[in-house]
Amino acid sequence: MRFDAGWFSSARRCESPHFNRRPFGEISLLVIHNISLPAGCFGLPYIDQLFQGCLDTEADESFADLAGLQVSAHFLIRRDGECVQYVSCEDRAWHAGVSRYSERENCNDFSIGIELEGTDTEPYTAAQYQQLTELTRALLAQYPALTAQRIVGHCDIAPMRKTDPGPSFDWERYLTALG
Ligand SMILES: [Zn+2]
């Protein structure tokens, strides 16, 4: 079994307090993001800290803007391919913000959010594509309302605010690998 109560067996579990119940219990959209903290720096502990609500905002001057921010995602895939999970897929993580998909607002209600450690301009690693493909396949098998046609970027559901996962993300490579 790949999931236990919404937790992926291959992920390192790092629980976030930033979640609540899905209002309709529906899981029918996958949202791909990117994140790096500080911007453009990889392999540091700050993403875990941000999602866990314990970011040391003194650690970098750019973190002042993040003080008190309550955000999370279900998953993070690091540059080396490590998969970290912060929120059970059965619960609502706080990754999409103000958003709309196909005339429906509040995509957090019905989506799963996957963060790729990266930026809009730096190519993602082969290990990330491999882990993302494995995770996506497992999610599609587990949640029947999720389909390969219902995978979007954050930029697609919040186009005026967000650009991630950016031009650096090779959608064709990803979707082809999904098969
Ligand atoms: Zn995003």
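## Helix packing: α2 and α4

Helices α2 and α4 pack at about 45 degrees with their axes 10 Å apart (axes are lines fitted to C-alpha atoms, for helices over the stretch in contact, and angles run from 0 to 180 degrees between N-to-C directions). The two helices are therefore oblique to each other, a class left over once angles under 35 degrees are called roughly parallel, over 145 roughly antiparallel and 65 to 115 roughly perpendicular. On the α2 side the contact is made by Y129, L132, T133, T136 and R137, and on the α4 side by R173, Y174, A177 and L178; contact requires C-beta atoms, placed from the backbone, within 7 Å.

## Basis of the model

The model is predicted: local features need pLDDT of at least 70 and side-chain atom pairs pLDDT 80 or more, while totals for chains, interfaces and linings use all residues. Residues are numbered from 1 along each chain as its sequence is written.

## The buried side of α2

The buried residues of α2 are Q128, Q131, L132, L135, T136 and L139 (buried: 20 or more other C-beta atoms within 10 Å; exposed: 12 or fewer; partly exposed: in between). They cover an arc of only 135 degrees around the axis, which puts them on the same side of α2. The face turned away carries the exposed residues A126 and A141.

## Backbone exceptions

Cis peptide bonds join L37 to P38, with omega about -15 degrees, and D164 to P165, with omega about 10 degrees.

A5 and N106 are not glycines, yet A5 has a positive phi of about 55 degrees and so does N106. A5 counts as exposed, with 8 C-beta neighbours inside 10 Å, whereas N106 has 15 and counts as partly exposed.

How values were computed
Helices (H or I, at least four residues) and strands (E, at least two) are DSSP runs, numbered from the N terminus. The arc is that of the directions from the helix axis to the C-beta atoms. Two residues are in contact if their C-beta atoms, placed from the backbone, lie within 7 Å.
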